[in-house]
Amino acid sequence: MTSPDTLVRSSARIRFIVTGMDCPSCASKIENAVVRLPGVSAVLVNYQRGFLDLSVDDPPTAQALVERRVTSLGYRVSRQRTAAELTAAGTDQAQGSDA
């Protein structure tokens with residue numbers, strides 16, 4: 001039997017596109033707000049590129065929390081889909097058009 005101490009939590013990395021940031025203070029404001037959210041283990045905000053990268057324990061829950069928090073600060077935010085997600089979405093659309 002595995003003890004709780006030996007269980008390793010895997011975290012997922014997700015990226016958001018944030019619009020409305022125009023200075024390092026904006027990035028710092030977002031980073032400080034998001035790092036306090038439950039399940040978030042690492043946060044990196046780049047105002048020049050408009051990215052918010054983070055590691056989370058539960059991506060669906062974290063996505064909703066992050067979107068609400070960043071929006072409440074006055075910024076627009078959307079999750080950037082991965083190449084695998086885009087490929088899967090294309091495959092799903094192609095399969096749906098055959099029906």
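Ala 27 lies in helix H1, which spans residues 24–34; helices are DSSP runs (H or I) of at least four residues, strands are E runs of at least two, and both are numbered from the N terminus. The model is predicted: local features need pLDDT of at least 70, side-chain atom pairs count only at pLDDT 80 or more, and totals for chains, interfaces and linings use all residues. Residues are numbered from 1 along each chain as its sequence is written, and side-chain values use heavy atoms, with hydrogens and water left out.

Ala 27 is buried, at 7% relative accessibility. Here buried means under 20% relative accessible area, exposed means over 50%, and partly exposed covers the range in between (1.4 Å probe, protein chains only). Beyond residues up to four places away in sequence, Ala 27 touches Met 21, Val 45 and Tyr 47; contact requires heavy atoms within 4.5 Å. The C-alpha atoms of Ala 27 and Leu 52 are 8.6 Å apart, across a sequence separation of 25 residues.

Strand S3 covers residues 51–56 and includes Ser 55. Asp 53 belongs to strand S3 as well. Ser 55 has a relative accessible area of 7% and is therefore buried. Asp 53 is at 17% relative accessibility, so this residue also counts as buried. With neighbours within four places in sequence set aside, Ser 55 contacts Ser 11, Ala 12, Arg 13, Gly 39, Val 40, Ser 41 and Ala 42.

Arg 15 takes part in two side-chain interactions. A polar contact of 2.5 Å links its side chain to that of Asp 53. Such a contact is a pair of N or O atoms within 3.5 Å; within protein, one must be able to donate a hydrogen and the other to accept it, and residues adjacent in sequence count only if both atoms are side-chain atoms. The charged end of Arg 15 also sits over the ring of Phe 51, 3.9 Å from the ring centre. This assignment requires NZ of Lys or CZ of Arg within 6 Å of the ring centre and within 35 degrees of the ring normal.

The whole structure contains 0 disulfides, defined as pairs of cysteine sulfur atoms within 2.5 Å. Cys 23 is in no disulfide, and its nearest cysteine sulfur, that of Cys 26, is 3.5 Å away. Cys 26 is likewise in no disulfide. Cys 23 is partly exposed at 25% relative accessibility, whereas Cys 26 is buried at 10%.
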